[in-house]
Amino acid sequence: MVGRLFRWQAVVTLGVAALAYMFGGWPAVAAAVMGGSANLLAVTVFAVRMALLPPDASPQRRLAALVRAEAVKWGISIGLFAGAALVFPEHFLVLIVAFMATTGVYWVSLLWEVPEDRQQRG
């Protein structure tokens, strides 16, 4: 499922970049790619940090790892946005749109595959 998420986020990033090119040329494309990539990188780091957790980890350890991974994800996103604001100040809106679009893919992906034990019970 993670691979599918990354592929769809990449497709959405390229779609936003194509639209950005029509309205702002190559600098807008670069801003869109940076916005989508910021999300891709943050989600990748989050997934890797969670995947490194041992399968027999306690619930407390899992929660702590989740909180740390989320904090790192936020840190990466904020850092990349700060850098992008300096590099692409005139195309910052494009960057935000690409980030929001890839975030939308992330939230929709939560509905793709629901394990049987999480499905509604009748």
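Here is a short chat about the predicted model shown above.

Visitor: Hi! What secondary structure does the protein chain have?

Guide: The protein chain has three helices and zero strands. Helices here are DSSP runs of H or I with at least four residues, strands are E runs of at least two, and both are numbered from the N terminus.

Visitor: What should I know about the model and its numbering?

Guide: This is a predicted model, where local features need pLDDT of at least 70, side-chain atom pairs count only at pLDDT 80 or more, and totals for chains, interfaces and linings use all residues. Residues are numbered from 1 along each chain as its sequence is written, and side-chain values use heavy atoms, with hydrogens and water left out.

Visitor: At what angle do helix α1 and helix α2 cross?
Guide: Roughly 160 degrees, and the axes of α1 (residues 2–51) and α2 (residues 59–87) come within 9 Å. Axes are lines fitted to C-alpha atoms, for helices over the stretch in contact, with angles from 0 to 180 degrees between N-to-C directions. The two helices are therefore roughly antiparallel, a word for angles over 145 degrees.

Visitor: Which classes of residue make up the contact of α1 with α2?
Guide: There are 14 nonpolar, two polar and five charged residues. Nonpolar covers Ala, Val, Leu, Ile, Met, Phe, Trp, Tyr, Cys and Pro, charged covers Asp, Glu, Lys and Arg, and the others, Gly among them, are polar.

Visitor: New topic: is Gln9 buried or exposed?
Guide: Gln9, in helix α1, counts as buried because its relative accessibility is 0%. Buried means under 20% relative accessible area, with a 1.4 Å probe and protein chains only.

Visitor: And what does Gln9 touch?
Guide: Leaving out residues up to four places away in sequence, Gln9 touches Asn39, Leu40, Val43, Thr102, Val105 and Tyr106. Contact means heavy atoms within 4.5 Å.

Technical notes
Angles under 35 degrees count as roughly parallel, over 145 as roughly antiparallel, 65 to 115 as roughly perpendicular and the rest as oblique. Buried means under 20% relative accessible area, exposed over 50%, partly exposed in between (1.4 Å probe, protein chains only).
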